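This report walks through a protein model step by step, for a reader who is new to structures. Please keep the sequence and the 3D view open while reading.

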Amino acid sequence: MWQPRSVRFQLASVFVFFFALAAALGLFSISQLSNFNRLSADVAEVWLPTTRALGDLNNFTSDFRAIEGAHLLSLELSEVADTEKEMEELDRLIAQAERNFERIRHDATEDELYVKFKERWNEYRTIVNKMLALSRSNRKAEAIAIHKDSSHAVYNAVNDSLGQLTDRGVANSQAASDRLAVAYRRAFWLIVLAIVVAGMMVAGGLYYISRVISAPLLQLADRMHRLVASDTNIDIQGTERRDEIGEMARATVVFRHNAMELMYSQRVLAQQASMLKEQLEQEQRLARLQRNFVSMASHEFRTPLTHIDGHARRLLKMKDRLHPDEVSERAGKVRGSVLRLTHLIDNLLNSSRLIDGGTALDLHLSNIDLAALLREVCQLHREITPGSSIVERFGPAPLRMVGDPKLLFQLFSNLLSNAVKYSPGGGIIEISAETISEQIGVSIADYGIGIPASDLDHVFERYHRGSNVSGIVGTGVGLYLVKMVADLHNGEVGVQSKEGEGSRFTISLPIRGRLNADAASPAAATFP
């Protein structure tokens with residue numbers, strides 16, 4: 001059973017009040033609109049049809065008078081017949097307009113004026129019929145005299161009576177329109193006043209709900225949110241109430257006690273969850289690196305191993321019949337495959353060190369000749385891929401700078417390897433180097449498949465590969481390592497490329513090295 005002070009009872013009372021208020025407002029509006037509707041019906045059912053019927057009578061009677069004159073002026077029998085047909089049609093239309101007018105409810109004055117009009121019109125039609133009979137008997141002079149005399153006088157009387165009737169109808173229509181406007185304004189303002197009163201009563205009801213029910217509930221919700229946030233230093237009000245809100249307040253007190261007991265357990269669980277999350281991320285990273293390694297190894301190592309095995313079998317099978325030159329050629333191919341495997345293994349080791357972040361703590365800077373280092377890189381890739389066309393466009397003069405030779409070798413080897421790999425047609429690969437101010441600029445250009453414009457902003461991101469390299473083996477970390485090594489040397493790397501036309505990578509390295517590198521050895525801090 002509902003208690004008088006329960007929240008359900010209070011809400012039900014407010015809702016019943018709102019319903020009664022809405023019903024009263026609706027009934028009041030209906031009563032006001034019914035009067036407005038009655039006046040609107042008068043305009044639609046009486047005055048508009050009356051105006052239309054009177055307009056038709058004015059138009060048709062004036063047209064009839066014009067046709068009467070045209071009939072008298074007609075010389076041909078066909079013209080006479082046409083005018084008589086038009087007069088018959090106008091007679092029919094005038095009779096229809098009279099019937100329309102007679103079906104409408106009118107006051108006594110309008111009825112009296114209409115009767116006068118109809119009597120004069122019938123008198124006029126009698127004169128017209130007499131005139132038509134004289135015209136048909138070739139007595140047009142007499143017919144014309146009647147048209148100018150008696151017919152003209154009677155038509156003017158018809159026109160006057162119809163004008164009085166029209167003026168009366170227009171006056172009545174205007175009066176009805178004025179009554180409709182007054183009724184509309186009265187209904188509008190009464191309904192607006194009722195809505196304002198109803199709005200004030202609704203605002204009062206909402207204020208009551210907000211103060212007695214909504215505000216205490218929001219306070220309890222705020223206390224619950226603070227308890228969920230482990231804030232137990234709160235004051236819970238409303239425990240003395242005897243309704244549902246009081247029950248909730250007392251339940252909140254119990255919840256606060258339980259929350260205080262569970263806080264310590266939550267902290268322990270959070271620490272354990274954090275540890276498990278870190279371990280899971282580490283395992284996922286190791287698994288990802290393992291998959292990348294297995295994928296690369298299965299593709300990159302298979303080709304040189306197959307070459308080595310094939311040439312070795314050939315040498316064993318034909319060792320007694322092979323010419324020394326052929327033996328030397330096949331041994332060179334075996335050596336090239338071994339160099340490729342060695343290069344892949346070095347790349348794997350250096351890549352692992354860079355990605356794991358260990359290089360920054362073991363950076364070995366020394367005074368090096370970058371031109372000689374570039375020649376070694378070019379020679380290595382000529383031996384790995386004998387069909388490649390690598391052109392060196394820098395002179396024999398040394399290019400001295402401070403840097404880590406192994407990492408720089410890795411940087412330019414990755415760029416040159418990509419240039420060879422992504423030039424499937426065996427196009428020319430150009431390497432140029434020059435000293436510009438306090439920096440050395442190196443450019444590696446190829447005329448291969450190029451890089452799509454949508455990939456240019458992401459080429460140096462880890463594991464990113466171009467959208468046009470499907471079917472070409474790669475791990476997606478080569479250019480990421482290039483960028484990392486350039487940054488370690490306080491240098492810059494850029495790319496210009498157009499899909500289908502080739503790519504040009506430019507590297508700018510300071511001659512004095514990374515003077516601000518905390519990993520640099522003391523001996524490399526100055527340029528000798």
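## An exposed asparagine in a loop

N138 has a relative accessible area of 71%, and because the cut-off for exposed is over 50%, N138 counts as exposed. N138 sits in the loop that joins helix 3 (108-136) to helix 4 (140-148), and its phi is positive, near 60°, although the residue is not a glycine. Most residues other than glycine have a negative phi.

With a relative accessibility of 46%, N490 counts as partly exposed.

## The model as a whole

The model is a predicted one, and its pLDDT averages 77, with 78% of the residues scoring at least 70. Over residues 515-528, however, the pLDDT is below 50, and this stretch has 20 contacts in the model beyond near neighbours in sequence. Where pLDDT is low, the predicted coordinates should not be read in detail.

The protein has 528 residues, of which 37% count as buried, and its secondary structure comprises eleven helices and seven strands. Among contacts with a separation of 6 or more, 72% are made by residues 24 or more positions apart.

In which order do the five strands of the open sheet lie? The order is 2-4-5-7-6, and the pairing is mixed. Strand 2 (389-393) and strand 6 (492-498) are found at the edges, and because each has a single partner strand, one side of each is left without a neighbour in the sheet. From one strand to the next, the twist averages 15°.

Strands of a sheet pair through backbone hydrogen bonds, either parallel or antiparallel. Strand 5 and strand 7 pair in the antiparallel sense, over eight bridges, and A445 has R504 of strand 7 as its bridge partner. Helix 9 lies across strand 2, strand 4, strand 5 and strand 7, and runs at about 170° to strand 2.

Leaving out residues up to four places away in sequence, L411 touches V482, V485, A486 and I507. In helix 11 the buried residues include V482, V485 and A486, together with L479, L481, M484 and L488.

V202 belongs to helix 5 (residues 150-228), and at a relative accessible area of 28% it is partly exposed. Which residues does V202 contact, leaving aside its neighbours within four places in sequence? They are F18 and L21. V202 and L21 are 181 residues apart in sequence, and in space their C-alpha atoms are 8.7 Å apart.

Notes: Residues numbered from 1 in each chain as written. Predicted model: local features only at pLDDT ≥ 70, side-chain atom pairs only at ≥ 80, totals over all residues. Heavy atoms only, no water. Contact = heavy atoms within 4.5 Å. Pairing = 2+ DSSP bridges. Helix = DSSP H or I, 4+ residues; strand = E, 2+ residues; numbered from the N terminus. Axes fitted to C-alpha atoms, helices over the stretch in contact; angles between N-to-C directions. Buried < 20%, exposed > 50% of the residue type's maximum accessible area, 1.4 Å probe, protein only. pLDDT = per-residue confidence, 0-100.
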